[in-house]
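Me: I have a model open and want to learn how to read it. Can you take me through a few features?

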Amino acid sequence: MTFNDLGLNKLLLKAIKDQGYENPTPIQEQAIPVILKRKDILAGAQTGTGKTAGFTLPMLELLLRSKDDHKGKRHIKALILAPTRELAAQVEESIRLYAKHTDYRSTVIFGGVKINPQLVALRKGVDIVVATPGRLLDHISQKSIDLSHVNFLILDEADRMLDMGFVNDIKKVMAVLPSQRQTLLFSATYSDAIKQISNKFLKSPTLIEVARTNASNEIVEQAIYHVDKARKRELLTHLIKEGDWKQVLVFTRTKHGANRLSGQLETDGISSAAIHGNKSQNARTKSLADFKAGKIKVLVATDIAARGIDIDQLPHVVNFELPNVSEDYVHRIGRTGRAGNKGEAISLVCVDEDEFLAGIEKLIKKDIPKVWLKGFKPDPSIKAEPINMGGNRGARNKPRGGGSRNGGGGNRNGGGRNGGGGRR
Ligand code: AMP
């Protein structure tokens with residue numbers, strides 16, 4: 001199937017061509033025709049599958065088909081809710097790309113930055129708004145946004161929004177939207193909470209599911225490097241220098257760990273920055289821009305901060321520490337090997353993390369190749385110790401549907417799992 005077969009307007013086909021896309025991805029093939037029939041959908045698709053274009057293109061197509069020619073005042077007709085600032089910003093960036101030959105306007109709304117520029121953008125008039133739920137509610141309560149013309153709603157990464165405790169915020173937003181609308185829900189997992197939201201807010205949705213390990217993940221080469229905890233940083237520096245890596249996204253479990261590692265890499269002569277929830281939005285935006293532009297080699301990130309980061313042709317992802325939630329592993333490695341590019345995902349695993357590794361391999365249903373690098377072999381006399389989870393995952397303490405949380409049965413890592421912290 002080609003994009004032409006999907007019946008998209010030539011203004012959109014031109015933008016698709018500008019992006020260099022040749023064919024629709026599976027989620028695009030399945031979702032676009034259904035959305036164009038104005039049906040609700042419940043789609044199981046992860047980042048990396050091309051889902052953003054999967055909902056943005058038909059959304060723009062429906063706008064183009066509507067008779068609205070923006071004469072007079074512009075009204076917000078489409079609203080996209082996303083869990084994090086980064087994802088919201090990237091979705092809006094994608095909308096701009098796909099809408100660039102049309103005259104539809106979009107804006108993004110999220111917390112952690114001044115509200116004034118958002119007020120100005122809203123006052124000028126936009127057709128499409130991408131927002132995180134909290135800041136959107138601020139606008140709703142101070143009546144700076146008019147959602148009464150919204151007839152297209154997308155809940156992107158709905159499972160993440162629920163994990164982050166946004167369920168009531170979402171319900172409050174829903175309450176002010178017109179009931180006559182098309183609703184699309186995208187989620188990587190189907191928990192009971194997702195089913196409830198879907199039952200409440202979607203009208204006879206069409207179910208769309210693309211393979212759990214998306215096409216792009218299949219060209220991610222994965223490897224486990226067994227190493228002692230105290231030597232992980234030395235090994236990472238070695239890999240970056242020996243491999244002459246130019247751009248690597250490194251995941252740590254805690255914000256503190258991200259800061260410390262970034263500082264240590266700088267000491268090793270490797271340019272680096274850390275992004276996590278304690279950094280200001282401006283600092284995060286700058287670090288991401290520097291990383292994308294190749295000004296810094298290493299971006300050290302926590303899971304939530306990295307969520308949705310979309311970097312074309314990111315060649316290397318390193319798990320400096322394995323995530324305690326197995327699904328995060330899939331999300332992390334989905335940052336590389338995207339849309340046909342080859343990627344490498346390396347995990348540095350010490351003896352403390354054996355249970356996490358077992359949980360991940362169970363989830364992805366395969367054994368990841370193991371490497372014991374000469375000079376870095378683990379010292380067999382070192383015994384496993386409990387893992388300190390830090391405080392940055394406090395909003396995600398409840399096990400998710402599917403029972404994929406690691407270490408659930410054992411108590412070795414139990415002590416720190418409920419470390420406080422709040423949502424970002
Ligand atoms: P997403 O899952 O929306 O985060 O998209 C993942 C990546 O795939 C993004 O970098 C998109 O630019 C890219 N992409 C989306 N659709 C296509 C397509 N049909 N062909 C090639 N790349 C695509």
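This is a predicted model: local features need pLDDT of at least 70, side-chain atom pairs count only at pLDDT 80 or more; totals for chains, interfaces and linings use all residues.

Me: Which residues of strand β12 are buried on each side?
Reply: In a regular strand the side chains alternate between the two faces of the sheet. In β12 (residues 316-319), His316 and Val318 are buried on one side, Val317 and Asn319 on the other. Buried means under 20% relative accessible area (1.4 Å probe, protein chains only). Strands are DSSP runs of E, at least two residues, numbered from the N terminus.

Me: In which sense does β12 pair with β13?
Reply: Two strands pair if DSSP finds at least two bridges between them. β12 and β13 (residues 343-349) pair in the parallel sense over 4 bridges. Val318 stands opposite Ile346. Strand β9 (residues 248-251) also pairs with β12 in the parallel sense, over 4 bridges.

Me: Is His139 buried or exposed?
Reply: His139 is buried, with a relative accessible area of 0%. Its side chain makes a polar contact with that of Gln118 at 2.9 Å. That term means N or O atoms within 3.5 Å; within protein, one must be able to donate a hydrogen and the other to accept it, and residues adjacent in sequence count only if both atoms are side-chain atoms.

Me: What lies 2.8 Å from a nitrogen atom of the ligand?
Reply: An N or O atom in the side chain of Gln28. A backbone N or O atom of Gly50 is 2.7 Å from a ligand oxygen atom.

How values were computed
Residues are numbered from 1 along each chain as its sequence is written. Side-chain values use heavy atoms; hydrogens and water are left out. Buried means under 20% relative accessible area, exposed over 50%, partly exposed in between (1.4 Å probe, protein chains only).
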